[in-house]
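Q: Could we go through this structure together? I would like to discuss helix packing, the ligand and the backbone.

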Amino acid sequence: MCGIMGYVGFRDTTKVILEGLAKHEYRGYDSAGIAVIRDGRIEDLRTVGRVAQLAEKAERSGFRGDIGIGHTRWATHGGVTENNAHPHISSDGRVVLVHNGIIENARDIRAELEACGVKFHTETDTESAVQYLGHVYDGDPKEAIVKLTKRVRGAFALVIIFHDKPNEIWVARKGSPLVVGHAENEGFCASDPTALLEFTHDVWFMDDDEMALIKREGCEFFDFNGDRHEKPTMHLDWDAAMTNRGAYPHFMLKEIHEQPEVVAHTLLGRVAEGEVDLSRELGWTAEDAAKWKKIHFIACGTSHYATIVAQHIMETFGSFEIRTEVASEYRYRNIPAGEDTLAVFVSQSGETADTLHAARLAKSRGARCLVITNVRGSTIHREVGEALITPAGPEIGVAATKTFTAQITILTLLGMYLSKLRGELDAETEKRLVSAMMDIPGKLASILSQEKDIAATARNFADARGFFFIGRGLAYPPALEGALKLKEISYLHAEAYPAGEMKHGPIALLDKELPVVALVPKGELWEKTVSNIEESMARKSPIIAVATEGDEEIGHYTENIIFTPETETELFPFIAVVPLQLFAYYIARQRGCDIDMPRNLAKSVTVE
Ligand code: G6P
């Protein structure tokens, strides 16, 4: 992971880099650093901790320069120390770089260079790249980088400055995201395009095996042999204001509150007059849909849970053989996929390394591939091609919220559209579900209006030892996401189980310090779930029920009830997940956790 940023232009370089790094902190935040060229010399400043600490240090020392690069780190090789923080400078002081990725043959390169007398100073894999460049550089940056790209193995986005080229930033990419931007008399690069929105909306997403030269006058692109090529820009339709927290104390809370609008926006242009229509985005025919017998949903983390929601919903009206697989496992298993398979990759960021590799595998096996992502132009979007974009806008909080609801909205539409193409979705079901989906934004808004009560319930349980989340049928997938949210931001252990499975093991853990969050909507499984609530109560577990408005009976079992509006059975996950996000948020807040940047996590995981 890690976030990187580079700037050459007329503004205050330190300020541009530090503000850009702050927008990248979700990618890693254990240490940060910046390097500039000043009076023909490379100068650097690094610190363990956050970008804010680096900014204080820069302010105190009056750190300035004409051209600069910066980095916020998520440690892989080498501990979290100032010495291991990027940027790294070659021992001869001629080259400085920042790196996102992993250099797999770093040990070999190090041994080779040490044998030539080069002194290493850190435990990082990155240092092998900068020392190598220092060793081979003879005044031609492009040639040195070409040599480097032939010598290193692994994944990298590199941003490099050479001491005697004070107007040039060089970048190279293989496997890690990198975007380049240019405005009048200034050039930029970053891991995340949102860091560039303030300056430009027309960017170049770097491809694998591609390098670029960024200057005030413009940008040039080359392959790894050093041959130049033209590259079209891509226009970003996000607004810089979307990356501000506004009056909210945390991005996560802001993003939770954006969900009614996000769902409405996701439906826009995809449903009309009781019908689903994805034909503007997908050129699929009835023959295609008839050919696909299997659907493989492949994703990680929250996106994986979104696919489990989709699977459960689709099973209610379609006949596909559906698998939901975690991308890091899919890659290494021999799951048959071919022309009869539609492989759907779901990734908020579009950069998750495991999902990307799984997509390449499915493609090579002949499956038809589709990606659902929030980032137009992301690596997975460019590689897979066929895509449905979730219009959730930039999500900054590390714990995904609004992109999850956008994903389940689009996945539900996808399921309906596919089944319709196959002639399996009757018009009545389609009309009923479309109309219920149109009502979801209003229902989410009504849940959000209960925020105070949900917060009060959550605070009462902030000292629990851990939590179980239980649900049956369509109440089980949101339980998974509810437990994940709580784990991620409150550091409490939380596990989700199909309610009926509790008795086969997990029940042994129940006692008065382990509350059970029971998702118990009105419907045919209500009584069965209530039986599981009773079993938990018999073991003294406090119960928090997420129940349907008007369900008075649930009051016999617990006082801790979050009521949700009634909806169609299939759509309960939409309704259930929002109170669970708020529940996790207020527990984490009560526990004083760093909600937007939980420890050890990064929003976009570009290493395997
Ligand atoms: C990381 C994030 C999770 C996210 C997962 C998949 O682990 O911390 O919040 O769900 O990656 O990310 P993607 O961008 O592929 O949806």
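A: A definition comes first: a crossing is left-handed if the near helix is turned anticlockwise from the far one by less than a right angle, and right-handed if clockwise. Please note also that this is a predicted model.

Q: Understood. Which hand does the crossing of α3 and α4 have?
A: The crossing of α3 and α4 is left-handed.

Q: At what angle do the axes of α3 and α4 cross, and within what distance do they come?
A: The axes of α3 (residues 106-115) and α4 (residues 126-136) cross at roughly 40 degrees and come within 9 Å.

Q: Now α15 and α18. What is their packing angle, and how far apart are the axes?
A: Helix α15 (residues 451-460) packs against helix α18 (residues 572-590) at an angle of about 55 degrees, and their axes are 8 Å apart. The two helices, α15 and α18, are therefore oblique to each other.

Q: Is the crossing of α15 and α18 left-handed or right-handed?
A: The crossing in which α15 passes α18 is right-handed.

Q: Which residues of α15 and α18 meet?
A: On the α15 side they are Glu 451, Ile 454, Ala 455, Thr 457, Ala 458 and Arg 459. On the α18 side they are Pro 579, Leu 582, Phe 583, Tyr 586, Ile 587 and Gln 590. This contact of α15 with α18 divides into eight nonpolar, two polar and two charged residues.

Q: And α13 with α18: at what angle do the axes cross?
A: The axes of α13 (residues 402-421) and α18 cross at roughly 175 degrees and come within 11 Å. Helices α13 and α18 are therefore roughly antiparallel to each other.

Q: Which residues of α13 and α18 meet there?
A: Phe 404, Thr 405, Ile 408, Thr 409 and Thr 412 of α13 meet Pro 573, Phe 574 and Val 577 of α18. The contact of α13 with α18 has five nonpolar and three polar residues, with no charged ones.

Q: On to the ligand. Which residues come nearest?
A: Of the 13 residues around the ligand, the nearest are Ser 303, Ser 347, Gln 348, Ser 349 and Thr 352.

Q: How far is an oxygen atom of the ligand from the side chains of Ser 347 and Thr 352?
A: For Ser 347, a ligand oxygen is 2.6 Å from an N or O atom in the side chain. For Thr 352, the corresponding distance is 2.4 Å.

Q: What about the backbone of Val 398?
A: An oxygen atom of the ligand lies 3.5 Å from a polar backbone atom of Val 398.

Q: Turning to the backbone, is the peptide bond from His 86 to Pro 87 cis or trans?
A: That bond, from His 86 to Pro 87, is cis, with omega near 0 degrees. Pro 87 is placed in the loop between β4 (67-73) and β5 (88-89).

Q: What is the phi of Asp 39, and where is that residue placed?
A: Asp 39 is not a glycine, although its phi is positive, at about 50 degrees. Asp 39 is in the loop between β2 (31-38) and β3 (41-48).

How values were computed. Residues are numbered from 1 along each chain as its sequence is written. This is a predicted model: local features need pLDDT of at least 70, side-chain atom pairs count only at pLDDT 80 or more; totals for chains, interfaces and linings use all residues. Side-chain values use heavy atoms; hydrogens and water are left out. Axes are lines fitted to C-alpha atoms, for helices over the stretch in contact, and angles run from 0 to 180 degrees between N-to-C directions. Helices (H or I, at least four residues) and strands (E, at least two) are DSSP runs, numbered from the N terminus. Angles under 35 degrees count as roughly parallel, over 145 as roughly antiparallel, 65 to 115 as roughly perpendicular and the rest as oblique. Contact means heavy atoms within 4.5 Å. Ala, Val, Leu, Ile, Met, Phe, Trp, Tyr, Cys and Pro count as nonpolar, Asp, Glu, Lys and Arg as charged, and the others, Gly among them, as polar. A residue is near a molecule or strand if one of its heavy atoms lies within 4 Å of it. A polar contact is a pair of N or O atoms within 3.5 Å; within protein, one must be able to donate a hydrogen and the other to accept it, and residues adjacent in sequence count only if both atoms are side-chain atoms.
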